[in-house]
Amino acid sequence: MKIWDTIVIGGGQAGLASGYYLKTSGRSFLILEAGGQAAGSWPYYYDSLKLFSPAKYSSLPGLPLASPGERYPLRDEVIAYLNEYARFFELPLVFHTRVIEVLRNNTGAFEIHTSSGKTYLSRTLICATGSFNKPYVPKITGEQTYKGSITHSAFYRSPEAYKDQRVIVVGRGNSAVQISMELAEVAHATLAVREPVSLVPQRILGRDIHDWFKWFGINSVWPIGKKLALNSSVMDLDHYRQRLKEGKPQQRPMFSAFYEEGVVWENGEKEKIDQVIFATGYRSNYEYLKRLDALNVNEEPLQKKGVSTAVEGLYYVGIPGQRSFSSATLRGVGPDARYVIDQAKKF
């Protein structure tokens, strides 16, 4: 059986950026992708998702997004771009191939078992499955008695299905704010938060904030950039601050419990609610690495800057805050991939 220099798990933006640098390095490699296209999680995001970074900062290495500039690309444009990226560089993707388990054989090679029944061998392994494939919904008292609908933003697509309903969106990040804003146009929408939404101006002195990030090095490996990546600040992209002031949507402290017909707010007030959408993020899903002892007790990778500290030859790309503020974004995943591939070449 052939032993590849590197196998990449995941064919989204992190896997494609890794593929670009692997190809330029001359190493033999494959990219294993569970889905049927080179777009990672993007096809599963809500229809109206808009990037909060301008098009000029929203590309992978080697191929700019079409018509770069100050505009903010939408989800479908990003999907088309990622698929075109894979075609343009003729990256060796193997679709409909979900990795089930990774072992280390007696020669030291990684043994990668897949849903197709095929096994692959590689000297090094890059996990580029990111952190957006395991939706997290916190446990709330009384949820078993609630007769309305509880879902996660991962399954939200558009506001039409919520017209004229009473809807709560839980969360204070970009997805929570964007979804609640568009729901407020067609429904009675409330944004439930542990702390008030923290808004950052999109433009400062006439320039997009990402220009300032670039000029002051916050997009790079500065510790301040990494700290920003791990908090929940939201870019004030479409007059969010003004719309929250106007109560579109209404922002309220997180409810304390469910009851049969709705929720109980902190002050004891009960409110009838039709649907609750949790925009509460995701958890890493590296279950396929469990038998390598590569994860900590919280099932997060044991790694530093994308290099495993537990398993030699194992690497990661696409982890939020991996090396910088922008590590898990289109604009930031490229530098991380280049760093990881440089490390892998030493193995």
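Select Glu299 and Lys134 to begin: the two form a salt bridge whose closest N and O atoms are 3.9 Å apart. The model is predicted. Color by accessibility and Glu299 comes out partly exposed, at a relative accessible area of 27%; Lys134 is also partly exposed, at 28%.

Next, select Glu260 and Lys147, a salt bridge with its closest N and O atoms 3.5 Å apart. Glu260 sits in the loop between strand E15 (257-259) and strand E16 (262-264), and Lys147 in the loop between E6 and E7, so the pair ties together parts that are 113 residues apart in sequence. Glu260 is partly exposed at 42%, while Lys147 is exposed at 64%.

Now go to Arg75 and Asp76, whose side chains meet in a salt bridge at 2.8 Å, N to O. Arg75 is buried, with 9% relative accessibility, and Asp76 is partly exposed, with 47%. The structure holds 16 salt bridges.

Finish at strand E18, residues 275-278. Gln275 and Ile277 point one way, Val276 and Phe278 the other, and all are buried. Show strand E7 (residues 149-152), which pairs with E18 in the parallel sense over 4 bridges; here Ser149 stands opposite Gln275. Then show strand E8 (residues 166-170), which runs parallel to E18 and is joined to that strand by 4 bridges. In this pairing, Ile168 stands opposite Val276.

Technical notes: Residues numbered from 1 in each chain as written. Predicted model: local features only at pLDDT ≥ 70, side-chain atom pairs only at ≥ 80, totals over all residues. Heavy atoms only, no water. Buried < 20%, exposed > 50% of the residue type's maximum accessible area, 1.4 Å probe, protein only. Helix = DSSP H or I, 4+ residues; strand = E, 2+ residues; numbered from the N terminus. Pairing = 2+ DSSP bridges. Salt bridge = Lys/Arg side-chain N within 4 Å of Asp/Glu carboxyl O.
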